[in-house]
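Please keep the structure open beside you as you read.

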Amino acid sequence: MHIRNAEAKDIPAILALYNHAVRETTAAWTGCEETLEDRVTWFEARKSQGFPVIVAVDTQESVAGFASYGPFRSKEGYRFTVEHTVYVDPSRHRQGIGRNLMFRILEIAEADGIHVLVGGVDGDNLASIRLHEALGFEVTGRLPQTGTKFGRWLDLVFLTKVLSETRAPEGR
Ligand SMILES: CC(C)(COP(=O)(O)OP(=O)(O)OC[C@H]1O[C@@H](n2cnc3c(N)ncnc32)[C@H](O)[C@@H]1OP(=O)(O)O)[C@@H](O)C(=O)NCCC(=O)NCCS
């Protein structure tokens, strides 16, 4: 498995992974699948804002997972914090792909001068919570019953990782 920057040709596979999660899981708190056009718009926005989109591909160049990050919140005071996502093909879970995608995301974030990464996860999504904890993230917030899907309330769990203990920038 090889991790590389996503290219336009990967967008249909990224879309398929995301839409599968929409249909089958509480990883995305929506029942609305995206169109190819939606994902192209998202991909172009990430690229133009300088945010990464990466994929894990096998020797056949088949996409087994993707990860990305973007703004956590829009006000400028949050500019050193990003919110990431990671999705792995369910038929390839537990093969270290999520971990490798996240390793790379952490490397990119560090090189980009990001201070904090935030993951927002369904409180019942033990796979994601354990993956994050294994990478040094801590559960730093739990917002009970803030979401709903499949006829139940969902707790939003925030997992955060401070990348380095640097001084906050001067000024506002
Ligand atoms: C969460 C997700 C990305 C994990 O990807 P993965 O490739 O299966 O994970 P890895 O094989 O790299 O696992 C790394 C570690 O995470 C933990 N982990 C992963 N899946 C787990 C599970 N089902 N139960 C418990 N721990 C798990 C383990 O510590 C694991 O290490 P180990 O296998 O050596 O014990 C994957 O389950 C997924 O795509 N889920 C749907 C989308 C999602 O929830 N994304 C997160 C929202 S940001």
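The points below go from the sheet to the helices and the cores.

1. A word on conventions. The model is predicted, so to speak of local features a pLDDT of at least 70 is needed and side-chain atom pairs count only at pLDDT 80 or more, while totals for chains, interfaces and linings use all residues. Residues are numbered from 1 along each chain as its sequence is written, and side-chain values use heavy atoms, with hydrogens and water left out.

2. The sheet. Seven strands make an open sheet with mixed pairing, in the order S1-S2-S3-S4-S5-S7-S6. (Strands are DSSP runs of E, at least two residues, and helices are runs of H or I, at least four residues, numbered from the N terminus; two strands pair if DSSP finds at least two bridges between them.) Strand S1 (2-5) and S6 are at the edges with a single partner strand each, so one side of each has no neighbour in the sheet. From one strand to the next, the twist averages 25°.

3. One pairing to look at. S4 and S5 pair in the parallel sense over three bridges. Thr81 has Val116 in S5 as its bridge partner.

4. Helices on the sheet. Helix H2 (residues 36-48) lies across S2 and S3, at about 55° to S3. H3 packs on the sheet, where it touches S1, S2, S3, S4, S5 and S7, and its direction makes about 35° with that of S3. (Contact means heavy atoms within 4.5 Å; axes are lines fitted to C-alpha atoms, for helices over the stretch in contact, and angles run from 0 to 180 degrees between N-to-C directions.)

5. The cores. Of the 25 residues in the largest nonpolar core, Tyr69, Leu101, Ile105, Ile114, Leu117 and Phe137 touch the most other members. (Such a core is a set of buried Ala, Val, Leu, Ile, Met, Phe, Trp, Tyr and Cys residues joined through side-chain atoms within 4.5 Å; buried means under 20% relative accessible area, exposed over 50%, with a 1.4 Å probe and protein chains only.) H3 gives the largest share of this core, seven residues. Apart from it lies another core of 16 residues, including Tyr18 and Trp42.

6. Helix H4. Which residues of helix H4 (residues 126-134) are buried? They are Ser128, Ile129 and His132. Just after H4, Gly136 takes a positive phi of about 95°.
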